Amino acid sequence: DTSTEQESETGTEGDTSTEADTSTEADTGTEPETDTEPEELPIPADDAIVRIMDYIPSIQQELRYATTNNFTGQIIYDFDDAYLRYGTIKKLAKACEELAKHGLGIKVWDGFRPVEAQAALWEICPDPKYVSHPVTGTRAHCKGSAVDITLVDLKTGAEVSMPSGFDEFSALGDRDYSDCSEEAAKNAKLLEDIMKECGFKPYSKEWWHFSDTDSYEVDEDFN
């Protein structure tokens, strides 16, 4: 555009007036319209498996099985966003609201898990106390109705003190809370109480694991 204007200035007088007209037309032209309103997502059926962050944008996620930062040291599945049944997400959103009153938020470590991912975990750790059998087990993660979570400080975004890290296969990982700090026990108990109030069932061996009290079928077709 700059080079064209310079050429017009050195042309004949007639050319200059034409350029001025053209410039005026360009300056007063209609600007392309832009959408400022965010697109509203449709409300899915409760049994639809959808992305959590589409419906709880404030939630944090760090899917451990999408990385090597888990007890297997291997990548178990190849997606970076957490998914759940929409009915389960509604309950999780309510839990987020309640936790926010305490200045806390949720970070998701694991949500929906494909059956093949469950099989990979079972092959590495065939212990039903910690990994559900991929065929005969409850497979709550494969139903999209179980979630592994921890707490974060809403102001800093940092994780708060909890009884252990993720996938701690020892007494530290259970819900006894007698073998951790007072602060960690208080945080874990608060998370447990609020999740129960919002329609989740805690698992006794893993303080981070919660299953929806509403039942769904195993999803074999997730992609």
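Guide: A residue counts as buried here when its relative accessible area is under 20%. By that cut-off, 43% of the 223 residues of the protein are buried. The model is a predicted one.

Before the close look, here is the setting. The protein has six helices and seven strands. Along the sequence, these elements come in the order α-α-β-α-β-β-α-β-α-β-α-β-β. Among the contacts in the protein with a separation of 6 or more, 71% join residues 24 or more positions apart.

The part to look at is leucine 191, which sits in helix H6. That helix covers residues 182-197, and its partner in what follows is helix H4, residues 86-100. The axes of H4 and H6 come within 9 Å and cross at roughly 135°. Because of that angle, H4 counts as oblique to H6. The crossing of H4 past H6 is right-handed. On the H4 side, the contact is made by Leu92, Ala95, Glu98 and Leu99. On the H6 side, it is made by Leu190, Leu191, Ile194 and Met195. Sorted by class, the contact of H4 with H6 has seven nonpolar residues, one charged residue and no polar ones.

Is leucine 191 buried or exposed? Its relative accessible area is 0%, which is under 20%, so leucine 191 counts as buried.

Next come the residues around it. Setting aside neighbours within four places in sequence, leucine 191 is in contact with Leu99, Ile149, Leu151, Met162 and Phe210. One of these, leucine 99, is 92 residues away from leucine 191 along the chain, yet the C-alpha atoms of the two are separated by 7.8 Å.

Strand E7 covers residues 206-212, and strand E6 covers residues 200-203. E6 and E7 pair in the antiparallel sense over four bridges. Within this pairing, lysine 201 has serine 211 in E7 as its bridge partner. Two residues lie between E6 and E7, and the two strands form a hairpin.

Terms used:
Residues are numbered from 1 along each chain as its sequence is written. This is a predicted model: local features need pLDDT of at least 70, side-chain atom pairs count only at pLDDT 80 or more; totals for chains, interfaces and linings use all residues. Side-chain values use heavy atoms; hydrogens and water are left out. Two strands pair if DSSP finds at least two bridges between them. Axes are lines fitted to C-alpha atoms, for helices over the stretch in contact, and angles run from 0 to 180 degrees between N-to-C directions. Angles under 35 degrees count as roughly parallel, over 145 as roughly antiparallel, 65 to 115 as roughly perpendicular and the rest as oblique. A crossing is left-handed if the near helix is turned anticlockwise from the far one by less than a right angle, and right-handed if clockwise. Contact means heavy atoms within 4.5 Å. Ala, Val, Leu, Ile, Met, Phe, Trp, Tyr, Cys and Pro count as nonpolar, Asp, Glu, Lys and Arg as charged, and the others, Gly among them, as polar. Buried means under 20% relative accessible area, exposed over 50%, partly exposed in between (1.4 Å probe, protein chains only).
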